[in-house]
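Here is a friendly note to read with the structure open beside you. Take the points in order, and find each residue on screen as you go.

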Amino acid sequence: MKVLIIEDDSVQATRLENLIQSNFPAVSVDRFTTELEFRKRLPGIADGSYKVALVDMMLRWTDPSPEMAPADEDVIKEGFFVGGLRCRKALLQKNIPSIIFTVLNQENLPQEYQDQGIDFIQKGPSYQPILEKLKGYLS
């Protein structure tokens, strides 16, 4: 069984990975840190290869560098604060369910995403809601 973490905060991603591995020892975890990395690696992801993906909603396009890849047209048009929602859309096409994990309230999702049945968890001090949600996917 595999879980995908798409999170640009390395501390948060490491905490999530450790949480998953300690509570679900049979699960392996892969991590992507930017939307660009996700898009580059997406073609190699087999449909259904992951049981679930934990996706940060406000995912940056790429890591800052002098050779930074320019953002794609849809990223420029939709903005940088919904990168995780774009990743979610691509994951659904691969039959991989996702949980959006963000500091925002669900009511703060952009209007076009309000009625899409997004599995949503607000980041907070406790990881218990994530564990409960993951049990539904990994049991």
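The points below go from the sheet to a helix and then to some charged side chains.

1. Please keep in mind that this is a predicted model. Everything that follows describes that model, so treat each distance and angle as computed from it.

2. As background, strands of a sheet pair through backbone hydrogen bonds, either parallel or antiparallel.

3. Now zoom in on one pair of strands. Strand 1 and strand 2 are joined in the parallel sense over five bridges. To find your place, look for Lys-2, which stands opposite Ser-28 in strand 2.

4. Is helix 4 (residues 83–93) mostly covered or mostly open? It is mostly covered, with eight of its 11 residues buried. Among them are Gly-83, Gly-84, Leu-85 and Cys-87, and the arginines Arg-86 and Arg-88 are buried too. The buried residues of this helix pack against strand 1, helix 2, strand 3, helix 3 and strand 4 (98–102). After helix 4 comes Asn-95, which has a positive phi near 60°.

5. Next, the charged pairs. How many salt bridges does a search of the whole structure find? The search finds 14. One of them joins the side chains of Glu-7 and Lys-123, at 3.1 Å from N to O. Glu-7 sits in the loop between strand 1 (2–6) and helix 1 (10–23), and Lys-123 in the loop between strand 5 (119–122) and helix 5 (128–138), so this pair ties together parts that are 116 residues apart in sequence.

6. Stay with Lys-123 for a moment. Its relative accessible area is 19%, and because buried means under 20%, Lys-123 counts as buried. Glu-7 is buried as well. Leaving out residues up to four places away in sequence, Lys-123 touches Glu-7, Gln-12, Asp-56, Phe-101, Thr-102 and Val-103.

7. Arg-41 pairs with Glu-37, and their closest N and O atoms are 2.8 Å apart. Why are these two separated by about one helical turn? Because they are four residues apart in helix 2 (residues 35–41). Arg-41 is partly exposed at 39% relative accessibility, and Glu-37 is partly exposed at 22%.

8. Finish with Asp-72 and Arg-39, whose side chains meet in a salt bridge of 2.7 Å, N to O. This pair links distant parts of the chain, 33 residues apart: Asp-72 is in the loop between strand 3 (52–56) and helix 3 (73–78), and Arg-39 is in helix 2. Asp-72 is partly exposed at 33%, as is Arg-39 at 25%. Through salt bridges that share partners, Glu-35, Arg-39, Asp-72, Asp-74, Glu-78 and Arg-86 are joined into one network.

Terms used: Residues are numbered from 1 along each chain as its sequence is written. This is a predicted model: local features need pLDDT of at least 70, side-chain atom pairs count only at pLDDT 80 or more; totals for chains, interfaces and linings use all residues. Side-chain values use heavy atoms; hydrogens and water are left out. A salt bridge is a side-chain nitrogen of Lys or Arg within 4 Å of a carboxyl oxygen of Asp or Glu. Buried means under 20% relative accessible area, exposed over 50%, partly exposed in between (1.4 Å probe, protein chains only). Contact means heavy atoms within 4.5 Å. Two strands pair if DSSP finds at least two bridges between them.
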